[in-house]
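Please open the structure in your viewer and keep the selection panel at hand.

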Amino acid sequence: MILVFAEQRDGILKKAAKEAVSEGKRLSSKLSVPVAAVVMGKGAAGAVDEVKNFGPDKVFLVESAPLDQYSADGFAEAMANVAKEQGATVILFPATTMGVDVAPRVAAKVKAGLVSDITGLEVADGKLLATKPVYSGKAIATVSFKSDIQMVTLRSNVFPLEENPSSPEVVTVDGSGISPMGIAVSTELKEGGKVELAEAAVVVSGGRGMKGPENFPLIEELAELLGGAVGASRAAVDAGWIDHSHQVGQTGKVVSPTVYIACGISGAIQHIAGMGSSKFIIAINKDEDAPIFNVASLGIVGDLFKVVPALTEELKNLN
Amino acid sequence: MNFLVFVKQVPDTETKIQIAGDGKSIVEEGVNFIVSPYDEIAIEEALLRKEALGGEITVVTMGPNRGEAALRTALAMGCDKAVHLEDDAFLGADSYATAKALAAVVKKYSPDLVFFGKQGVGTDNTQVGQMVAEMAGLGHIGMCVKLEIEGDKVRGEREIEGGRETIEVSLPAVVVAQKGLNEPRYPALRGIMQAKRKPIEKLTVADLGLSADEVGLAGSRTEFASLTLPPAREAGKKLEVEPEVAAKEIVAFLKNEAKAL
Ligand SMILES: Cc1cc2nc3c(=O)[nH]c(=O)nc-3n(C[C@@H](O)[C@H](O)[C@H](O)COP(=O)(O)OP(=O)(O)OC[C@H]3O[C@@H](n4cnc5c(N)ncnc54)[C@H](O)[C@@H]3O)c2cc1C
Ligand SMILES: Cc1cc2nc3c(=O)[nH]c(=O)nc-3n(C[C@H](O)[C@H](O)[C@H](O)COP(=O)(O)OP(=O)(O)OC[C@H]3O[C@@H](n4cnc5c(N)ncnc54)[C@H](O)[C@@H]3O)c2cc1C
């Protein structure tokens, strides 16, 4: 069986979880084994109907009290219990902050190989072959498995979301015997409505060329018009113009949107490491020799303080 | 309080990467190796805690002989002693086999607090800290950007999508350091001199009570099948035009090619 950790929070399924279940469904036909989604934690029952849209053969629901608060070890135990009971051979996680926290513990529990943040998944001779960029995107590693159980975490926005409604059996699993060690005692979410950087289909990023924090509203407005999120280079973050949670790159977030718009960013290798797998890259830079143009699908040589407002204007006229 | 810090030696991110003849590894010659940047944050956090609470910091690396340089850097920053897991049997480990060896170190030294970096830069697995916590039976705080120790409890904030969450765990525990936790110090000249006299203990597989097939390549659950150069990203068109024209071009691109409008 293929098991997918279908991350939810308060009954709302994460987009990355939908992608993971979609990929599980595709693998299920390639490997000719059933696929099941596991939803756990407070409100998990509320996410069951949504998860059915992506075609699982079964849904496991773990909603016991010890998992009311997020706990990496508690969630891992619940997941590993289902995996062992069902004899799972493949376990998929979204590479979200939760997936990345929980998956290695599950791997240790079920003695599985785990490949993180993958951008490609294939089947050869009944086993998985996972690909991921390594060394700041300077090489691509293809990783095979020696273990019977094969685990991966899937990079957001890479694996297509595919609706494929099914009527799976919903199995309630008792997790009341779990006693978590690390527990989330509080969660603080910033004001809603903002698109999450790692999940955004469009990312508009600003670098040192933005000149100061007072200019970031320029790209915030552009991002909003495109339904996207705001990113930044390390230079902009280190200068204190924008919070580190927006940093894209080697020591920031890895994003893979449909469109990445780099404004006043030179294109250092450590920055490319975080956005090189974007489908389309648009660069706006006044230096025609900036390395960012080497990876840009569309390059605009010009002053961002003129081009960005003109673009915003043009987009507003569309609506 | 006793602290363990795990550090990995990685190629400098500026380094030119060449794929070796076996098609699975990189050519090490000419590569500048550094302490993984996240591990510097882990070291710094241990130093800050020791300064506040007292105790001793042991820094640990697993790797070939060159790994000693990483330990010297950590000692120069202020760690007290070092352990080098150096044995041919450790070579070629994936995260699982790495964690197996490191968890044995945790069990051997029974520290109060164990620090890891979020990821070994380059391979970027983001697994080893969590795996060691699991194998050693400890709770952990993942991707920690703020840490408080109060009695036998540790509370850490971690970044999540759209916000932060606070994780509480009892000591002994594992903390996985994320950027933002602190600003690592540079080793001072005095520290570098002192580091030369600090002890580095060498441990083999047998010293850890493990067998050779549990670690290294033999104990790995995954294997690099191949390492290839990424497909060159083709640069598209580059335009130097009036802002209004540029804006129209971008909109047309977003509509027709990216289908994002
Ligand atoms: C010949 C060869 C073959 C390899 N084959 C594989 C393979 O098949 N699959 C694979 O995944 N990797 C492979 N690797 C890379 C492997 O050695 C990785 O370094 C290992 O998987 C840990 O990955 P990471 O640093 O990305 O771990 P992460 O999980 O990102 O590391 C997190 C933290 O754990 C600690 N840590 C990690 N490694 C060490 C260490 N050695 N000593 C002390 N602390 C450490 C550090 O604090 C680090 O910040 C191979 C390397 C070589 C040289
Ligand atoms: C270990 C390590 C990790 C790192 N991690 C990261 C990381 O995670 N993310 C990251 O981004 N960097 C990272 N870096 C830093 C990286 O090397 C670069 O220094 C950084 O990306 C540069 O940011 P920038 O492009 O904004 O600034 P610069 O390189 O200074 O480029 C600014 C650009 O703006 C352009 N510009 C200026 N004014 C205008 C204007 N009016 N209109 C249009 N264009 C204009 C300039 O032509 C220039 O190309 C890391 C470095 C190291 C050593």
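The stops below begin at the ligand and end in the nonpolar cores.

A word on conventions: this is a predicted model, in which local features need pLDDT of at least 70, side-chain atom pairs count only at pLDDT 80 or more, and totals for chains, interfaces and linings use all residues. Residues are numbered from 1 along each chain as its sequence is written, chains are lettered from A and ligands numbered from 1 in the order in which they are written, and side-chain values use heavy atoms, leaving out hydrogens and water.

**Ligand 1.** Select the 27 residues around ligand 1 (a heavy atom within 4 Å). B:Phe6, B:Lys8, B:Asp39, B:Thr123 and B:Gln127 come nearest. By class, this shell holds nine nonpolar, 12 polar and six charged residues.

Zoom in on B:Asp39: an N or O atom of its side chain is 2.4 Å from an oxygen atom of ligand 1. Next, pick the backbone of B:Met62, where an N or O atom lies 2.9 Å from a ligand nitrogen. At B:Ala93, a backbone N or O atom is 2.9 Å from a ligand oxygen. Ligand 1 taken alone exposes 940 Å², and the protein buries 84% of that (Shrake-Rupley method, 1.4 Å probe).

**Cores.** Now select A:Leu3, A:Ile91, A:Val106, A:Met151 and B:Leu85, the residues with the most contacts inside the largest nonpolar core, of 104 residues. Such a core joins buried residues (under 20% relative accessible area, 1.4 Å probe, protein chains only) through side-chain atoms within 4.5 Å. Apart from it lies another core of 38 residues, including A:Leu13 and A:Val134.

Notes:
A polar contact is a pair of N or O atoms within 3.5 Å; within protein, one must be able to donate a hydrogen and the other to accept it, and residues adjacent in sequence count only if both atoms are side-chain atoms. Ala, Val, Leu, Ile, Met, Phe, Trp, Tyr, Cys and Pro count as nonpolar, Asp, Glu, Lys and Arg as charged, and the others, Gly among them, as polar. Buried means under 20% relative accessible area, exposed over 50%, partly exposed in between (1.4 Å probe, protein chains only).
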